[in-house]
Each structure stands twice: as structure tokens, then as C-alpha cells.
Amino acid sequence: MEFSIFLIALSLNFIFSILFQNFFLKKNFIDQINDRSSHNSLATRSGGVSMFIIVFLTSVYFYIVDSEVYDFSIIIPLSILFVIGLYDDIYKVDFKLKFIFQIIAAKILIDYGYIIDNFHGVFGLFELNRIFAQVFTIFIIVAIINAINFIDGIDGLATTIVGMFIIFYEFFSKSSSDFRVLSIILAGLFIPFLFFNFKKNKKIFLGDSGSMFLGGLVSIYVLNILSSNYLIRENYDLNKILFVVSILPYPILDITRVFFLRTLKGVSPFIADKKHIHHIILLKVKSHFKTFLIISVISFLFTFLIQLIF
């Protein structure tokens, strides 16, 4: 059954990617080339649309047949993130408005029970005050969403990093995780996207709709890890925060670096620029694929090394 779900997701995304790209081209919703662009060919920001629609439709299907393969309630906050991201892709919105909707989505997730209320011994802290736990959880969710959005500037990078995170999430789970079917669906969606993303012409990008959608998903997975529902192999039950850092190293490193650099310069951490780690590497190697490969390999090796140590 799981392999069938994977094949269906893969096939649907090949079809939907072409359909939505043609629609975007017809409406002239193309990714404009400017001084921040890292491409010089025709491209649309339609990758996130096909991914979200397929996840939404499969969720509706499983709901109708009364098969709760994962928590369908997460579709509501993910829809909010997707819609505001799509609106930004087409019409451009102020980052403050996106920030507000990210907080709204985060609060909905908290009300659903996705909350960090225990530090599992980090800094000597365990159970947290309810108010502090909510504020801290909102901060983490918003940070993760923007971390994924920040790394979506090199072909294949954001999707591959998220894909590796999901693989590690499932691999290190002691038993079948709460989101196993969703993880299989996402794996099927990522392969067609990477094919279209690496094309020389008529490329497909995630867009803000895709990066915010995937960022929301990653934040949900992270919150699930930090809850008592997710049991990890070896010693990570004693320190789940370290486990999260070990399987999501690059987005955490990049957003931390960018946040401090921009804050020290007195500018908003959410203002876009080309000073991310992947932009610096791209300037050196002059190749999207090499940049993607360097960061992906180092991220994988970092995770592997941490598992060996702990």
C-alpha cells in the first residue's frame, strides 16, 4: 500500500506540475529576473501549488474513506501558510503581513496540541510555564518557516534538505511515526519537482507558497519530535532538541547566522538579500548543482557524525 501511495503521489505531481506551470505561463505569472535572481531563464513559482493541492486532495480522500493516516487538522494552518505564500508569489505582499499570518498558523497549531512545553533537561529545564511555552512555540514555528524560506534560493536545495529531514525523522523513529503516510506522499512529490526544478528552461520553483507550506510541515514534524509522542532510537529521548539540530543542521545554521548579521546591521531579519551561506558558496563555485551538492553532502555527513557520537 505504501509503495502504491508513493507512485500515485509521484505520478500526480508530474501531471499537476505541467498543468499548473502551463496555467501560470498563460496568466503570465512568471518569476521575474532581478538583481536577487539566481537564474536567467523562464521559470514559474508553481511548484508549491501542485504539492499542496495533492496533499490536500489525498487528505480529503483518506478522510472520506475514514482512514485517519495522519492528523488531518494540520491542513488548516498549512492552508493559511500556502494561501498567503501564493498571494505573495503573484501580487507580492509586505513581509509584516506574512509574519502575522505565520503567527496565526502557529497559534492554531498550538491549540491543536502542537506545543513545546518541555526542554527535556536542556539548561536544566523540563516542564515550561504555559504562557512561556506558547510564546516560545510560536517563535520556533515562525523561525522554522522562515528558515526553509531562506534556503529556497538554489535549485533543489530546500526540497532536498526537507526531504533528508523527513527521511531522518522516519528512520530514527522507534516505531511507525504519526506522519509516515504523509512522509511517503511528500517523498513522491519531491522527485518530479526536482526534475522540473533542475531543467535548463521552463523551470519550476517552489515559490513562497511552497516554501511556507514545507516550512509549516517541518515545524509540525519538529513539534511532534519534541512532544512525548515521538520516540527516538538510542539516547535522544534524553535530549530531543539536540536530535532536531542534528537532522536539520543547515536551515538552523543559516537562519541563526542571518538573524545575527542583519540584527547587528540594524535591518529586519526578514528583509531578503543574497548573503546566505548558499549564495556565498554559489559565488565561489559558479554552479547551482555544485552548491546544492556541497550543502546536501555536508548536511548528511553532519547528521551521520552526530549519530555516531551519540
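This is a predicted model: local features need pLDDT of at least 70, side-chain atom pairs count only at pLDDT 80 or more; totals for chains, interfaces and linings use all residues.
**Exercise 1.** Which loop holds Lys286, and is Lys286 buried or exposed?

*Solution.* Step 1: Lys286 belongs to the loop between helix H11 (277-285) and helix H12 (288-309). Step 2: Lys286 is not a glycine, yet has a positive phi of about 60°. Step 3: relative accessibility is 65% for Lys286, so Lys286 counts as exposed.

**Exercise 2.** Classify the crossing of H5 and H8 by angle and by handedness.

*Solution.* Step 1: the axes of helix H5 (residues 130-150) and helix H8 (residues 207-226) come within 8 Å, crossing at roughly 135°. Step 2: angles over 145 degrees count as roughly antiparallel, and 65 to 115 as roughly perpendicular. Step 3: the crossing of H5 and H8 is right-handed. Step 4: on the H5 side, the contact includes Thr137, Ile141, Ile144 and Ile145, and on the H8 side, Met212, Leu214 and Val218 are among the residues met. The residues of this contact of H5 with H8 divide into 9 nonpolar, 6 polar and 1 charged.

**Exercise 3.** How many salt bridges does a search of the whole structure find, and which parts of the chain does the pair Glu2 and Arg180 link?

*Solution.* Step 1: the search finds 9 salt bridges. Step 2: one of these joins Glu2 to Arg180, with the closest N and O atoms 2.9 Å apart. Step 3: this pair links distant parts of the chain, since Glu2 is in helix H1 (residues 2-26) and Arg180 in helix H7 (residues 180-197), 178 residues apart. Step 4: Glu2 counts as partly exposed at 37% relative accessibility, and Arg180 counts as partly exposed at 31%.

**Exercise 4.** Describe the salt bridge between Lys98 and Asp88, and state which network contains these residues.

*Solution.* Step 1: the closest N and O atoms of Lys98 and Asp88 are 3.2 Å apart. Step 2: Lys98 is in helix H4 (residues 95-111) and Asp88 in helix H3, 10 residues apart. Step 3: Lys98 and Asp88 are both buried. Step 4: salt bridges with shared partners join Asp31, Arg45, Asp88, Asp89, Lys98 and Asp208 into one network.

Note on methods. Residues are numbered from 1 along each chain as its sequence is written. Side-chain values use heavy atoms; hydrogens and water are left out. Axes are lines fitted to C-alpha atoms, for helices over the stretch in contact, and angles run from 0 to 180 degrees between N-to-C directions. Helices (H or I, at least four residues) and strands (E, at least two) are DSSP runs, numbered from the N terminus. Angles under 35 degrees count as roughly parallel, over 145 as roughly antiparallel, 65 to 115 as roughly perpendicular and the rest as oblique. A crossing is left-handed if the near helix is turned anticlockwise from the far one by less than a right angle, and right-handed if clockwise. Contact means heavy atoms within 4.5 Å. Ala, Val, Leu, Ile, Met, Phe, Trp, Tyr, Cys and Pro count as nonpolar, Asp, Glu, Lys and Arg as charged, and the others, Gly among them, as polar. Buried means under 20% relative accessible area, exposed over 50%, partly exposed in between (1.4 Å probe, protein chains only). A salt bridge is a side-chain nitrogen of Lys or Arg within 4 Å of a carboxyl oxygen of Asp or Glu.
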